[in-house]
Amino acid sequence: MLALIALMVGLTAFAIWGGPLATDTIAFGAGKYLSRMQYLSAAFEKFDGNPFDGYELRGLTVGDKKDPAIVAVRRIFVAVDPEESWRQRKVILRGELEGLRVTEDRLARLAAAAQKEFFPSRKASRPDEEGLPILSIVTPRSFTASDLSGSRGWKVERLNVEQPEPDKLAYTLELDADYLKERIRLDGTFAVAETGRPERLDLRLRALQSDVQMQASLKDGQIALKKLEGTLLGASVTGSASIDAAPADPRIAADLTLQKVDFKPLRKWIPGLGASTLESLQAHIAGTLARPTGKIALKNGDIAYQKYRADNVEGVVELNGANVQAALSANLLGSSLSVVGSLGLTPDAALNMKATIPSLALKHLASWFPETAGAGLDGTLHAELGITGTLAQPRVRMLAHLPRLTVQKQYVVSDIAAKVFVSPTELTIENVSANVFKGRVQLQGTVGLTGKTPALDLNGMAERLDLGSAVPGGTVAGTFHGKFHLKGTAARPELALDSRIDRLDAGQFGVKEVALNVSGGREKMNVEMKGRTKRDAPFGGGGTVVLPLDRRRSSLDLRLDVEKMDLTEILPHTMKFAGSVTASLLVKGSLEKPHVSAELESEEIQLSGFKIVNPKGAAELKENRVEIKASIAVGDRRPEIAGTVDFKKGLKGAFDVTAPTVRLDALDPSLAGVANGRVSLTVHSEIDGSDISVTGQAASPLITAAQVPVSNVLIPFAFRQNKVDIPDGQFELGGGAFHVKADGDVAKGTYSVQLNGKDIDLNRLAAPFAPPAQIAGKSEVSFRGTVRSGLTTLVQGDGRIRVRDVVVDKYPGQLAVTGKAPFRIQHGNVFFNVNDGEVFVLPGSAITAWPDDTFFHFVSFTGTAWKRARTLPKLDPAMIPKDLLQRGDTVYHMFVSGSVNMRVLNGLLGGLGAVMQAGVSGNVSAESLASNFLQKFIGGSLAAQFRDFDLEVSGKNYGEFNIGLMKFGGEGSYADVATTDWTEDAGQKKTYQRYSLSYPLPVGPDPAKLKAKNRNGRKK
């Protein structure tokens, strides 16, 4: 050490008297030396000066090899006072320091590097070892520093140290600084010995609303704080202290008194410090450093930091030379806290402390932990913390008991108890248990603390947890059991969870015999699940979960399958679904951004009376909505369905269906053989909770119904709340434009229908039937009625058919009926009623001839035009009404009347036979049979004579024609009533038809006009 000092002094002297050559030589040599250091890193930008003006060092940085600029100085200036140095026979210096920057958290590294570089084997000096009298060789006269700062918020604007008297090592001190923007000023005097050790100081400190004056001295091992008075943090402070360092166990004595302390000024230095005060602090310490005695008393302190607060902090700490006895108390969260016990002052430092919270209301936790405010915690905690062992090997015991805890005013956890032991090597959870949801949960095990990471060996269990108690509202019922084992380390834990749910009912949905197993560690978790739905549909699945540990992204690969689950298990009863589905739920992606999708398939689903065949679909969860794509089988087509279901505000969904060219019988099997063709559907559906609405349209270029072609079909429709509406359906039939309107209740099966058709071309209408005639004319149709569906379909309503300008030409038997002239109708009206499978032509229905027509004037008709065939009950015929026996299977039964030219009627009857014969054999030679018969027996009739007639016709089908009554009126007729029976002769072969006509002939006078006499000769 002496050699190093001598070298430094020699270099200084060399620089003083050596001039520029010396400074350049020193700069070069210093640079070479600094570059060769093994642990330290030091460099400077420039070193120059002269003996008269002083020497300046610029751009100095000092650090270690990893950080070469832990300390940086912009400028250091040193000058020698030659005259004074010569007079005192030692070097008298004045110095300046400017622009110091320090990174405090790295100073330890700098000190360690310097220790290794300069003092690798230095031994600690003894306390009584005298230092070198360095100030007898080099003495600073003055020192000035400015612009000094550190990374932790301190800054020195100016530091000035002056030696007023050259012959005395006494100095004046002035310091202007700030810390975290709080002004600090220190001024006064101090004296030092030639070794640099302080001997006396008299300083005044002003900062943080404090103004403290202190006087202290050090002499012959005696350190005495003679005076300490003033204000500290706005409070009065007085005190004194002394240390006798001469003995092996230095003696101490100290007294300190503080009154009415307000810690508000410290808020600038301690962010988050709240309103904190202390009424008084008194301390009296005596004895020795190893065996102190005395007492420290606190009274009425309030401490607040951020959201934490302790009130009425007070107590006494006593030192008896062997132990520190503490008895402290405070109020925390409305509960009292007491800390009592002792700490031994012997080398083993035995501990025996106990902290007790007798009753802490959990509702007050919200003031410290706002996140618990929404939990609605209610209960009282009793806790006790005991610390034993030694300061080096403490053992902590924690006991807690919570008789009853209420969460959200509905969940109740009772009899919560915890017993935990902590030692330097192990944390032992002897028992943590509670009664919850009518069951019990427990946790036991140990956590090893000796390794680099804690070792885990924990077991947990849950018994008979009532799921109905866990879910409010009483909508869920079931029982849960489970247990887990956690082993491994905190860095690499391994979990094994086995759980089961015996039964879970949630409204109409329910599962049973559910088993959930989870196993694995930080690499990945394996999940397995299986069970059955309430209606015994099996489900199961599993997969892996990778947790986001060690900067690794999490990942999910899970799948859950269910087979043929009844839709009524998961959908509200208000949604009229029926059927079962087989589905798969897939969860992939990561915990941060999971990708959830599903696939489902069904053989058949019925929705509010509509049948959906073989639906297949896929769904994908995106944030708060599900995107769905599906298809269904409709005959030989699979229409596509696309839509979304939004869960953000309840259950809302929207779907679009496109079904091009679908067969009619695929939409409704009852149309098979009745209607042929294909229809294209576009449908938009919306779901809001259990409310379903559908809008769309059906379109087809051509549909054939009962051999009648229906073209350009366009039927818009809407469905909502089980109500269906067709606002304006359109189609073309026989060249005429038809409009149909309908609405009804699907749930009740009642509908109202309105149909109107105009400008119907009868020729085009009849063309598909290939009639043996030429037909021309126009027609209009209207119908208004109701339809009721159920086990059978009931149609009721009224309608009207209007015809005009009808011409029938070139029909079989035309020569016998009208000659070469066609049969013409000026106009006609058919009023009809439809009721329960029967079409009844109403009175007033008639066709009218043109005014100059020679064939007929008018024909009116009424009666049953069509009736669904009925099967008679299998009973004794004597028990069945005669009219039902006679007419129960009649399809039509009409009454016809009018005014007809008899020639036309003759020809018509003959032509009728010809038509019937033609329908079987194509032979029309029998047309003269009836005509000749009538000409013979209805003599006297003029060929151009019009006669009124009444005709009754009926049949079991339209291939059968029975005339039950024929009446003719008018002048010249002697035949009033004719009964005819046109039947097929069952004994003949089907190659031709035989017709018979029976007509009663009057012989002699009319019996009704005869006047008979009785035996007495009187008339009767």
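Where is the place of S584? S584 sits in strand β33, residues 577–589. Before I go on: this is a predicted model.

Let's stay with S584. Buried or exposed? S584 is buried, because its relative accessible area is 13%, and the cut-off for buried is under 20%. Now its partners. The side chain of S584 makes a polar contact with the side chain of D561, at 2.5 Å.

Next, a helix. This is α4, residues 107–118. How far apart are its end C-alpha atoms? They are 16 Å apart.

Which residues of α4 are buried? L110, A113 and E117 are. Look down the axis of α4: the buried residues fall within an arc of 65 degrees, so they line one face of the helix. And what covers them? The cover includes three strands: β1 (40–43), β3 (54–64) and β4 (71–80).

Now on to A470. This residue lies in helix α5, residues 467–470. Which residues does A470 contact, leaving aside neighbours within four places in sequence? The answer is Y411 and F437. One more distance here. V436 is 34 residues from A470 along the chain. The C-alpha atoms of A470 and V436 are separated by 8.8 Å.

Last stop: strand β51, residues 892–901. How many of its 10 residues are buried? The count is 8, so the strand is mostly covered. β51 pairs with two strands that I want to show you. Take β50, residues 856–867. β50 and β51 run antiparallel, and 8 bridges join them. Then take β52, residues 946–955. β51 and β52 also pair in the antiparallel sense, over 10 bridges.

Find S897 on your screen. S897, in β51, is the bridge partner of S860. S897 also has a bridge partner in β52, and that partner is D950. Follow S860 to S897, then S897 to D950, and you have walked from β50 to β51 and on to β52.

That's the tour.

Technical notes
Residues are numbered from 1 along each chain as its sequence is written. This is a predicted model: local features need pLDDT of at least 70, side-chain atom pairs count only at pLDDT 80 or more; totals for chains, interfaces and linings use all residues. Side-chain values use heavy atoms; hydrogens and water are left out. Helices (H or I, at least four residues) and strands (E, at least two) are DSSP runs, numbered from the N terminus. Contact means heavy atoms within 4.5 Å. The expected span of a helix is 1.5 Å times one less than its number of residues. Buried means under 20% relative accessible area, exposed over 50%, partly exposed in between (1.4 Å probe, protein chains only). The arc is that of the directions from the helix axis to the C-beta atoms. A polar contact is a pair of N or O atoms within 3.5 Å; within protein, one must be able to donate a hydrogen and the other to accept it, and residues adjacent in sequence count only if both atoms are side-chain atoms. Two strands pair if DSSP finds at least two bridges between them.
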